Amino acid sequence: RKKVTINTLRSLHQKQEPITMITAHDFPSAHVADHAGMDMILVGDSLAMVALGMQDTSEVLLEEMILHCRSVSRATKSAFTIGDLPMGSYEIAPEQALESAIKIVKEGRVQAVKLEGGLDMAPTIQRITKAGIPVLGHVGLTPQRQNALGGFRVQGKTTGGALKVLEDALAVQEAGCFAVVLEAVPAEVASLVTKKLKIPTIGIGAGNGCSGQVLVQVDMSGNFPPGRFLPKFVKQYGDVWSESMRAIETYKSEVKSRAYPATAHTYPMPAEELQEFER
Ligand code: KIV
Ligand code: NA
């Protein structure tokens, strides 16, 4: 597999071939996503919850994101790898954002950064892209602003809301984003926004009319205990939790019954040596 670059993504978009993206948060989750041939791997700040057990994404630090980006980037031989800028690392000023972007690229070894926000973030996006760091936009539902949005709510359900999503998407395109994530917006709105934009849209909870799709790996692979809430847009393609449970429970019972380790899992000693030793 060849390394996916920003040019590869552009050519996929030109051919109208859907762009595939998935999150990863460490070496193994990135390794499998890269081997599966994902076009893009996002080290999303959703790792705050799915890898660090935090309540929401507002808790994760830039330094922590960098550590996870480093482990992911060691596994990504092919996928275009993007680091999410966490809350607090880019909102104060374009200079702060550029500093954080440089840090996550240099230390996290990612090829691009993502940040949340539309029109308000345009000068910030411009500052980072002018410095030669590709930026992935993120509009619609922006989880870092959940307290201001009143929770995880679908955005753009009203005419005014839909126009705001379009305005934000156009603004991040003008500011230089190479693509934009549309999260939790009605499919019709996402389709229209995709038609109006020159850059690819990557949908999550935004229907089939986007230029590509992204899902959180832990969600789509089913790597969580039964009964966990999943957003409506998640399709669970696997049951990693059950497979891990089955393996660990079997291991446990075989240790208890001394079925494991069997002779096949042990190191033999030459017979003469053993005789000598036992004497
Ligand atoms: O943090 C994340 O995983 C994300 C994607 C859901 C787009 O931002
Ligand atoms: Na995120």
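User: Which residues does V180 touch?

Analyst: Leaving out residues up to four places away in sequence, V180 touches L136, G137, H138, V139, A169, V172, Q173, I199 and T201. Contact here is C-beta atoms, placed from the backbone, within 7 Å. Keep in mind it's a predicted model: local features need pLDDT of at least 70, side-chain atom pairs count only at pLDDT 80 or more, and totals for chains, interfaces and linings use all residues. Residues are numbered from 1 along each chain as its sequence is written, with chains lettered from A and ligands numbered from 1 in the order written.

User: OK, helix α5 next. Which of its residues are buried?

Analyst: A97, S100, A101, I104, V105 and G108. Buried means 20 or more other C-beta atoms within 10 Å of the residue's own; exposed means 12 or fewer, partly exposed is in between, and C-beta atoms are placed from the backbone. Helices (H or I, at least four residues) and strands (E, at least two) are DSSP runs, numbered from the N terminus.

User: How are they arranged around the axis of α5?

Analyst: They fall within an arc of 130°, so they line one face of the helix. That arc is taken from the directions from the helix axis to the C-beta atoms.

User: What do they pack against?

Analyst: α4 (62-73), β3 (80-84), β4 (112-114) and α6 (122-130).

User: And which exposed residues are on the face turned away?

Analyst: E95 and K106.

User: Switching topic: what surrounds ligand 1?

Analyst: T23, L42, G44, D45, S46, D84, V181, I204, V214 and V216, each with its C-beta atom, placed from the backbone, within 6 Å of the ligand.

Terms used. Contact = placed C-beta atoms within 7 Å.
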